[in-house]
Amino acid sequence: MAANAESAAAGWLPAASPLPMPGQSLREGHLAAARPATSPPHVGLRRALVVGSTAALTAAAAMGMLQVLRVGGLSLLDGVLLVLFVFLFAWIALSCVSAMAGFVLQLSGSARTLGIDPHGPLPTLHTRTALLMPTYHEDPARIMAGLQAVYESVAATGQLQAFDFFVLSDSRREELAAAEVAEFAALLARTGGHGRLFYRRRTDNRGRKAGNIGEWVQRFGGAYPQMLILDADSVMSGSTLVHLAAALERNPGVGVIQTMPRVVNGQTLFARMQQFGGHVYGPVIARGVTWWHGSEGNYWGHNAMLRTRAFAEHAGLPELPGRKPFGGHILSHDFVEAALMRRGGWAIHLVPALDGSYEEGPPTLSDLLVRDRRWCQGNLQHAKVVDSAGLHWISRVHMLVGVGHYFTAPMWAMLMLVGLAIPLYQADLAWDGFRLPGFSPLAYWRQADADRVTWLFAATMGVLFLPKVLGYVAMLLDPAARRGAGGGLRALLGVLIESVLAALMAPIVMYRQSRGVAEVLAGRDSGWEAQCRDDGSVPFSSLVRGYAGMTAFGLFMGALSWGVSPGLALWMLPVVAGMVLSIPTVWLTSGRRPGLWLRRHRILCIPEELDPPPVLRRAAELRAARTT
């Protein structure tokens, strides 16, 4: 059967049209001098405003912290605390300033990016576009159903002749490959898409997903001026694809147009809180970063339209020197590909206002953490890429933000521990055996400078939560978005539920990310595992195995801190509670029952589940038909 499958697959490919894709040098190269024609006017002033506002907020907070620390005289621990505080405050301040810019833009109605009018008539296409769906150990019936929905949606636009569709398999298991071939044959029979739908499986998985795309470019890319990348869980509407292809046609200096995919189809409580957060908070954040990133945006590896020749000429990735995990194949390839294309003079744009681009999120926190471990390694690899020759400084910022994201977890932990160590070192307390009855870090910091400590805490919480508040207000002022979230009051309840659950999960994520950073620094590779797309329940026994150690550590730390003093226990409570409750928290959020109960009551809702767009409805119908 395997031989027959390979024979059939060999007939499902177009004629070769090679396109060279040389590997790029990270040590030699120059940034193209010409500013992209699509760069927004006065983008330098926008960036100065964002960076300047972030610096001003951070400086004010840093001066306040310095005044608090100077009360008892500065020590080495004080200096460490100040450095940690400044970095972490700047981190959240940058996100806050970007969200504020996005909030203003959303209320004012910003200009269309690249001239895309989502509500206008569909433009006529003159260029061939290849739609690529890489797959690795995915459910064949599921991905072919999603691809069929996209195919039919494109056909409904009347411009199917401008698109070809490729399934690019990297699957290694022969039985799964045979199932892919059978499902693809069934897809051809259902659609009559011979000559427009293609399947290719490679047996050499070198380079993983980036290598999969690169092999297609070198083999077939010469026939397609444009290409669009989909993940195995991605779905896009035909009108969105036509708008993207037309935008790339009429903007010859643009290399990548990245959409803002909406997370959909979540059934578990965790998945639904993720997609709700994307609906409420995502628009202001995306519009904000788009405003100051301009033509130096980023590429996320999927749901994006790319200019094939620009990608081939500039995005060939080299192997990083050294051993894994820092050396070898670049895992987070998309950031680097965008940076190299921008180095070559091509504009990279995000278009957050364009709907019709969808993906699915991980169904549980455990699945997210597995994916996050791979991202951790990939982003930390960027430490070897960020100083590459000729990159635009915004491209370097993208990489530094990715690296910094994973270092913030251990830094928050260090900030809490240093904030504990300073009063322990400074306090004039007598030990009563193992106990320090009067010891309280909170009381120590209040006594140091009560007004400034209160102000610093309020400022930090305000900067941290303001993006959520702005997202909620912007959603309230948009009637369609408000209805799609179940109404203002239900949306407010959803924000509260999401915030509480996120706070409970924060210590779990902090612990796992800190461990992930330590593992990468110790040389442990993440491997390459297939992603979980299923919303099935997680066995309680597996949760115990996965989180028992964290629970035991939390119980130990809680008992230890309570044994020293109730004041110390209160200081440790936010982290200890999250660790101790890790098993019930992950169990609750991994279940379909609470998620579906909230859906029935229209809480944590999104527009796509209350009134699904045609392409999502069709994909769901096809998937249901293939599994019954």
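This is a predicted model: local features need pLDDT of at least 70, side-chain atom pairs count only at pLDDT 80 or more; totals for chains, interfaces and linings use all residues.
**Sheet.** I looked up the strand order first. Seven strands form an open, mixed sheet, ordered E3-E2-E1-E4-E8-E6-E9. Strands E3 (197-201) and E9 (347-351) are the edges; each has a single partner strand, so one side of each lacks a neighbour in the sheet. From one strand to the next, I read an average twist of 20 degrees. I then checked E6 (residues 254-259) against E8 (residues 304-307): they run antiparallel, joined by three bridges. Glutamine 258 sits opposite alanine 304 of E8.

**Helices.** I followed H6 (residues 208-220) across E1, E2, E3 and E4; the angle to E1 is about 145 degrees. H11 (residues 333-343) lies across E6, E8 and E9, at about 130 degrees to E9.

**Salt bridges.** My search of the whole structure gave 24. One of them pairs aspartate 170 with arginine 202, with 2.6 Å between the closest N and O atoms. Aspartate 170 is in the loop between E2 and H5 (174-191), arginine 202 in the loop between E3 and H6, so the pair ties together parts 32 residues apart in sequence. Both residues are buried.

Next I took arginine 201 and glutamate 174, whose side chains form a salt bridge at 3.3 Å, N to O. This pair links strand E3 to helix H5, 27 residues apart. Arginine 201 is buried at 15% relative accessible area. Glutamate 174, at 44%, is partly exposed.

Last, I checked glutamate 519 and arginine 524: their closest N and O atoms are 3.1 Å apart. Glutamate 519 is buried at 16%, whereas arginine 524 is exposed at 51%. Shared partners join Arg373, Arg515, Glu519 and Arg524 into one salt-bridge network.

Conventions
Residues are numbered from 1 along each chain as its sequence is written. Side-chain values use heavy atoms; hydrogens and water are left out. Two strands pair if DSSP finds at least two bridges between them. Helices (H or I, at least four residues) and strands (E, at least two) are DSSP runs, numbered from the N terminus. Axes are lines fitted to C-alpha atoms, for helices over the stretch in contact, and angles run from 0 to 180 degrees between N-to-C directions. Contact means heavy atoms within 4.5 Å. A salt bridge is a side-chain nitrogen of Lys or Arg within 4 Å of a carboxyl oxygen of Asp or Glu. Buried means under 20% relative accessible area, exposed over 50%, partly exposed in between (1.4 Å probe, protein chains only).
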